[in-house]
Amino acid sequence: MNNYFQKNMGNTIKILRLFHGIKQKHLAEHLHIKASLLSLYEQGKRETTIRFLKKFCVFNNISISDFFKLVENQDFNETNKIENKSNYSTQINKMMESVG
């Protein structure tokens, strides 16, 4: 998988998790994976599985197609990491508007 796309995917996973105000540990438990694996997904250091994506999209009440639209509309930037709620709330609203 393209490293840039993988980082965008990880960033999208993180943004959606933070949007719901859920800690990695709790989401990982809900999805029946280890928190360390979720962390690797969010950092773009590990490719996600289809099984994970299905569970994650069900959890977020979005289709896999819409998830990939969000990923494609991301402009991942290492220097613009999500640090506080206002950043990811703004970012998730822009992302969701782009999906329509």
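## Overview

Of the 100 residues in the protein chain, 37% count as buried. The model is predicted. Its secondary structure comes to six helices and zero strands. From the N terminus on, the elements read α-α-α-α-α-α.

The accessible surface of the protein chain is about 6200 Å². Carbon and sulfur atoms account for 49% of that surface. Take the contacts between residues at least 6 apart in sequence: 67% of them join residues at least 24 apart.

## Confidence

The average pLDDT of the protein chain is 83. A score of at least 70 is reached by 72% of the residues. Over residues 76–80, the pLDDT is below 50. Beyond near neighbours in sequence, that stretch has five contacts in the model.

## Helix H1

H1 covers residues 3–19, 17 residues in total. From first C-alpha to last it reaches 24 Å, close to the 24 Å expected at 1.5 Å a residue. The buried residues of H1 include Met 9, Ile 13, Ile 15, Leu 16 and Leu 18.

Just after H1 comes Gly 21, with a positive phi of about 70°.

## The nonpolar core

The largest nonpolar core has 18 residues. Ile 13, Phe 52, Phe 56 and Phe 67 touch the most other members. H1, helix H2 (24–31), H3, H4 and H5 each supply at least two residues of this core. H4 gives the most, with four residues.

Set aside its neighbours within four places in sequence, and Ile 13 is in contact with Leu 38, Tyr 41, Glu 42, Thr 48, Phe 52, Phe 56 and Phe 67.

## Aromatic pairs

The structure holds five aromatic pairs. One of them joins Phe 5 and Phe 68. Their ring centres are 6.1 Å apart and their planes meet at 10°, so this pair is stacked. Phe 5 lies in helix H1 and Phe 68 in helix H5 (residues 64–72), so the pair ties together parts 63 residues apart in sequence. Phe 5 is partly exposed, at 25% relative accessibility. Phe 68 also counts as partly exposed, with a relative accessible area of 25%.

Tyr 41 and Phe 52 form a tilted pair. Here the distance is 4.6 Å centre to centre, with 50° between the planes. Tyr 41 belongs to helix H3 (residues 35–43) and Phe 52 to helix H4 (residues 50–60). The two residues are 11 apart, and the pair links distant parts of the chain. Both Tyr 41 and Phe 52 are buried.

One aromatic cluster takes in Phe 5, Tyr 41, Phe 52, Phe 56, Phe 67 and Phe 68.

## Asn 60

Asn 60 lies in helix H4. Its relative accessibility is 9%; the cut-off for buried is under 20%, so Asn 60 counts as buried. Leaving aside neighbours within four places in sequence, Asn 60 is in contact with Leu 16 and His 20.

Terms used:
Residues are numbered from 1 along each chain as its sequence is written. This is a predicted model: local features need pLDDT of at least 70, side-chain atom pairs count only at pLDDT 80 or more; totals for chains, interfaces and linings use all residues. Side-chain values use heavy atoms; hydrogens and water are left out. The expected span of a helix is 1.5 Å times one less than its number of residues. Buried means under 20% relative accessible area, exposed over 50%, partly exposed in between (1.4 Å probe, protein chains only). pLDDT is the predictor's confidence in each residue, from 0 to 100. Contact means heavy atoms within 4.5 Å. Rings of Phe, Tyr and Trp (its six-membered ring) pair if their centres lie within 6.5 Å; planes under 30 degrees apart count as stacked, over 60 as edge-to-face and the rest as tilted. A nonpolar core is a set of buried Ala, Val, Leu, Ile, Met, Phe, Trp, Tyr and Cys residues joined through side-chain atoms within 4.5 Å. Accessible areas come from the Shrake-Rupley method with a 1.4 Å probe; for residues, only the protein chains shown count as cover.
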